[in-house]
Amino acid sequence: MTEKIAVLGAGSWGSMLANILDENGHDVRLWSYNPKQVEELNTKHTNSKYMKDFTYSDSLVAYSDMQAAVKDVDDILMVVPAQVTRSVAQNLNTILNEMDIKPNIIHGSKGIEQKTYKRMSEVLAEEISSNNRNGIAVISGPSQAEDVAKKDITLVTAASSDIKIAEHFQKLFMNGYFRVYTNDDIIGVEIGAALKNIIALGAGALYGLGYGDNAKAALMTRGLAEISRLGTSFGANPLTFTGLSGFGDVIVTATSSDSRNWRAGYQLGKGEKLSDVVKNMGMVIEGVATTQAAYELAKQRGIDMPITSAIYNVLNENVSVKEAISKLMLREGRSELE
Ligand SMILES: NC(=O)C1=CN([C@@H]2O[C@H](COP(=O)(O)OP(=O)(O)OC[C@H]3O[C@@H](n4cnc5c(N)ncnc54)[C@H](OP(=O)(O)O)[C@@H]3O)[C@@H](O)[C@H]2O)C=CC1
Ligand SMILES: O=C(CO)COP(=O)(O)O
């Protein structure tokens with residue numbers, strides 16, 4: 001089955017997923033709003049700002065005109081930072097209003113929208129009219145783009161409340177190094193994907209301060225417990241948090257020095273200012289905005305999320321990482337399973 005697929009967003013992840021789809025034999029159009037990046041992709045087949053030393057497949061074509069990129073497509077993959085997903089989806093919807101197609105939509109972004117606290121599939125459902133699309137799905141899991149570039153073994157999940165849509169995308173993405181499972185719990189998959197970035201920030205900060213493996217394991221385990229508390233309050237399946245988009249993604253982002261969230265946390269642990277860390281990264285650090293959204297959401301719903309609160313305080317309230325850790329450790333004792 002060969003499909004025409006537009007990929008909107010040509011950063012590290014959008015470009016790597018586009019490359020996989022192209023390698024799998026699909027007709028892929030990779031859109032970026034940056035004409036210089038499009039020129040580099042089409043002439044040198046490189047994307048130097050985001051994926052150093054990687055050469056993309058010759059047949060992958062980049063576009064700076066979104067209308068041309070989505071013309072006659074069967075599927076659209078959105079991979080822009082979570083906080084701009086709504087505006088890109090609005091532009092897409094305006095374009096689709098003038099076309100006679102109903103593509104399947106999937107996204108690969110990991111974040112919660114600030115202020116609305118919406119998951120990305122909710123944002124897409126709100127902004128892309130049901131006349132202009134078929135089902136909506138997410139692709140998520142432990143998948144650093146840098147490892148995918150090396151064709152390292154990578155397992156992810158395609159999730160949709162409509163399992164047929166998840167299975168459709170499973171077929172499009174699967175190959176010998178990129179294995180795709182399905183899940184109908186899109187709520188759990190999106191919440192796990194977004195909130196693991198908070199834990200990655202924390203794990204980087206611990207490492208920056210010189211803490212060891214016990215501390216890392218503690219943060220990952222108790223972090224996942226609070227992600228799961230929030231997720232199940234929205235009706236997510238608790239088992240999803242033991243899977244690829246839960247524990248799997250916590251493991252990779254809280255231990256990989258390729259993770260932008262981990263690296264940002266490390267720099268904060270070393271005493272750098274958040275504004276400098278964000279400026280110097282040059283790529284999205286999703287955990288910063290998502291920590292704020294998750295912190296406010298937990299308060300609104302009365303869910304206890306002490307690690308998220310501690311990281312929120314470090315990011316937004318000038319609390320030092322050491323002070324935040326000490327406060328966490330000296331909280332009143334509690335049962336592990338509460
Ligand atoms: N990198 C990875 O390994 C993985 C990333 N993800 C997720 O994928 C999503 C995208 O991340 P990633 O590709 O890594 O991020 P990058 O920072 O590498 O790339 C983001 C891309 O989006 C572009 N962009 C920013 N704002 C806009 C806008 N308003 N309209 C259109 N394009 C825009 C950026 O352009 P510019 O820089 O010029 O502003 C850049 O090309 C995130 O949610 C991330 O969590 C998921 C799995 C793995
Ligand atoms: O989500 C990711 C890997 O699964 C990528 O994480 P970073 O955005 O922290 O690099």
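**Entry 1: ligand 2**

I looked up where ligand 2 sits. Domain 1 (4–184) and domain 2 (190–329) each contribute residues to the shell around ligand 2, so ligand 2 lies between them. I note that the model is a predicted one.

Next I asked which residues come nearest to ligand 2. The shell holds 13 residues, and those nearest are Ser143, Thr253, Ser259, Arg260 and Asn261.

I then checked which helices take part. At least two residues of the shell come from each of α8 (186–208), α10 (244–255) and α11 (260–269). The most come from α10, which gives three residues.

I sorted the shell around ligand 2 by class. Six of its residues are polar, four are charged and three are nonpolar.

**Entry 2: helices α4 and α5**

I turned to a pair of helices, α4 (residues 85–97) and α5 (residues 120–127). Their axes are 9 Å apart, and the helices pack at an angle of about 30°. Angles under 35 degrees count as roughly parallel, and α4 and α5 are therefore described as roughly parallel to each other. I also recorded the hand of the crossing of α4 and α5, which is right-handed.

I listed the residues that make this contact. From α4 they are Thr85, Arg86, Ala89, Gln90 and Asn93. From α5 they are Met120, Val123, Leu124 and Glu127.

I sorted the contact of α4 with α5 by class as well. Four of its residues are nonpolar, three are polar and two are charged.

How values were computed: Residues are numbered from 1 along each chain as its sequence is written. Chains are lettered from A and ligands numbered from 1 in the order in which they are written. This is a predicted model: local features need pLDDT of at least 70, side-chain atom pairs count only at pLDDT 80 or more; totals for chains, interfaces and linings use all residues. Axes are lines fitted to C-alpha atoms, for helices over the stretch in contact, and angles run from 0 to 180 degrees between N-to-C directions. Helices (H or I, at least four residues) and strands (E, at least two) are DSSP runs, numbered from the N terminus. Angles under 35 degrees count as roughly parallel, over 145 as roughly antiparallel, 65 to 115 as roughly perpendicular and the rest as oblique. A crossing is left-handed if the near helix is turned anticlockwise from the far one by less than a right angle, and right-handed if clockwise. Two residues are in contact if their C-beta atoms, placed from the backbone, lie within 7 Å. Ala, Val, Leu, Ile, Met, Phe, Trp, Tyr, Cys and Pro count as nonpolar, Asp, Glu, Lys and Arg as charged, and the others, Gly among them, as polar. A residue is near a molecule or strand if its C-beta atom, placed from the backbone, lies within 6 Å of it. Domain bounds come from an automatic or database domain assignment.
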